[in-house]
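Here is a short note on aromatic pairs and one backbone angle. Please read each point with the model open beside it.

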Amino acid sequence: MTTPADERTGVSRAFLGATFLSQLGSAAALLAATVVSSNAGTSESQAALFTALMLAFNYGMAALVTPYSGRIARKLGTGRTYALTQAGGVAAYAMLAIAMWAGLPGYPTLMILTPFLGAFGGLGHVVSPLVSRAYFGGGMALSQARTTMATGLAWVIGAIAGAWVIDHIGAPSAFLSNALLTVPLVAMLIAVTPREPFDRVATIAHPWRDMFGQLRSNDRLRRAAVMGLATVLFVAPLVSMVVPLTRSLNHDLAVHAGVVLACIAFGEMFAPMVVRMIGGRWGPMRSASTAYLAAGLVLLFIAGWTIVTDRTSEFLGICVFAVVFGAVHYGGTALLIADVSGAAADEQRQEAMSAYFFVLGIGIPLGTILWGQLLGLIPPTILLALTGGAMLLLVGGMITHLNRLGIHLPPAVPHDDRVSHPIGALRHHWF
């Protein structure tokens with residue numbers, strides 16, 4: 001006999017499986033999109049610039065949609081909004097694959113559909129944590145831990161499998177695979193009732209005014225926004241620009257970029273350990289600064305490694321450094337979000353989060369364009385050294401600034417808080 005507890009467990013496992021499949025396709029689709037944009041260029045400079053422009057269109061549209069996400073989700077409902085964003089992505093990627101198979105030029109078609117994909121992604125990003133919590137049940141930390149682990153594993157597999165598909169069958173097959181692999185998630189969101197009711201997203205009456213008001217009046221939020229902006233300018237583009245970067249290093253196949261992306265995703269699975277290890281010692285901003293100090297050092301190590309090694313050893317070393325980068329980069333991201341969450345009172349937390357993500361939404365396109373332009377002007381080793389060095393300088397300035405102000409907040413992760421350590425939470429409370 002099936003008990004209610006068994007049914008709830010089944011719902012959680014089904015949602016985890018559907019999320020895994022969807023993220024599997026997302027990894028392949030990102031790789032395919034950057035391959036299409038890179039192939040559109042006749043030189044390394046053009047390839048990097050076209051990729052940067054495509055990503056800028058995507059992330060820029062996501063930034064514009066984010067301030068209105070609360071109003072949309074409030075009107076349509078949290079679950080229905082997330083289902084519509086996923087269904088929109090299915091339709092867009094299927095249209096892209098069919099158009100390319102029909103003979104339409106890949107890059108112009110991708111650029112036409114990219115703003116829609118950005119809008120769906122920006123809206124889905126806001127409601128996704130609430131949907132995960134409803135299907136998994138329990139607290140937000142545990143639900144995000146399960147989602148992070150599933151996403152990390154999916155990107156490890158999806159990046160390598162997607163690269164093989166792109167090299168042997170073509171980019172349209174990767175786009176169609178993403179559409180098909182997301183269908184189970186859409187079907188579940190429509191047909192399966194979650195374990196707990198969806199939390200409602202609060203509506204911000206004046207989204208733009210309230211966001212800028214938070215940035216003007218909240219010093220802690222401003223510091224987090226500055227650090228977040230620096231990360232998306234200097235270190236985060238390593239993920240989105242992996243195809244033009246690996247090509248600039250003479251690793252030309254899609255599978256080369258796919259393996260590097262898979263290594264970054266594998267490292268992301270260790271981000272909770274970074275959060276626990278660093279966040280248990282210092283406050284959120286100092287912890288995030290320490291994580292991004294490590295990320296900047298990784299870029300410098302990659303630059304040095306590419307100078308002193310041959311082609312095969314160079315690629316193996318990049319893969320190892322990519323794992324470390326994934327752990328510290330995504331760990332730092334989590335700690336920055338924790339700092340933003342603590343920067344405002346409960347009734348103003350959504351405005352603070354919206355302001356932070358809006359600043360990041362502006363910075364992400366600028367970061368991809370910056371990397372794209374520099375890849376066309378200077379060798380990739382110098383680019384990695386410059387961006388890694390810039391991150392180190394900013395982190396040093398932030399820590400010095402905190403010391404001058406005498407700001408020493410409690411640790412971001414209490415030592416006795418097991419749920420705040422996602423891997424420990426998974427081990428003790430998997431389902």
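1. Tyr 107 is buried, since its relative accessibility is 14% (buried means under 20% relative accessible area, exposed over 50%, partly exposed in between, with a 1.4 Å probe and protein chains only). The model is predicted: local features need pLDDT of at least 70, side-chain atom pairs count only at pLDDT 80 or more, and totals for chains, interfaces and linings use all residues. Residues are numbered from 1 along each chain as its sequence is written, and side-chain values use heavy atoms, with hydrogens and water left out.

2. Rings of Phe, Tyr and Trp (its six-membered ring) pair if their centres lie within 6.5 Å; planes under 30 degrees apart count as stacked, over 60 as edge-to-face and the rest as tilted. This rule gives 7 aromatic pairs. Phe 50 and Tyr 107 are stacked because their ring centres are 5.2 Å apart and their planes lie at 25°. Phe 50 belongs to helix α2 (residues 44-65) and Tyr 107 to helix α5 (residues 106-136), so the pair links parts of the chain 57 residues apart (helices are DSSP runs of H or I, at least four residues, and strands of E, at least two, numbered from the N terminus).

3. Phe 301 and Phe 321 also form a stacked pair, with 6.1 Å between centres and 20° between planes. Phe 301 is partly exposed at 48% relative accessible area, whereas Phe 321 is buried at 18%.

4. One aromatic cluster is made up of Phe 15, Tyr 135 and Phe 136.

5. Most residues other than glycine have a negative phi. Asn 250 is not a glycine, yet its phi is positive, about 70°. Asn 250 sits in the loop between α11 (242-248) and α12 (254-268) and is partly exposed at 47% relative accessibility.
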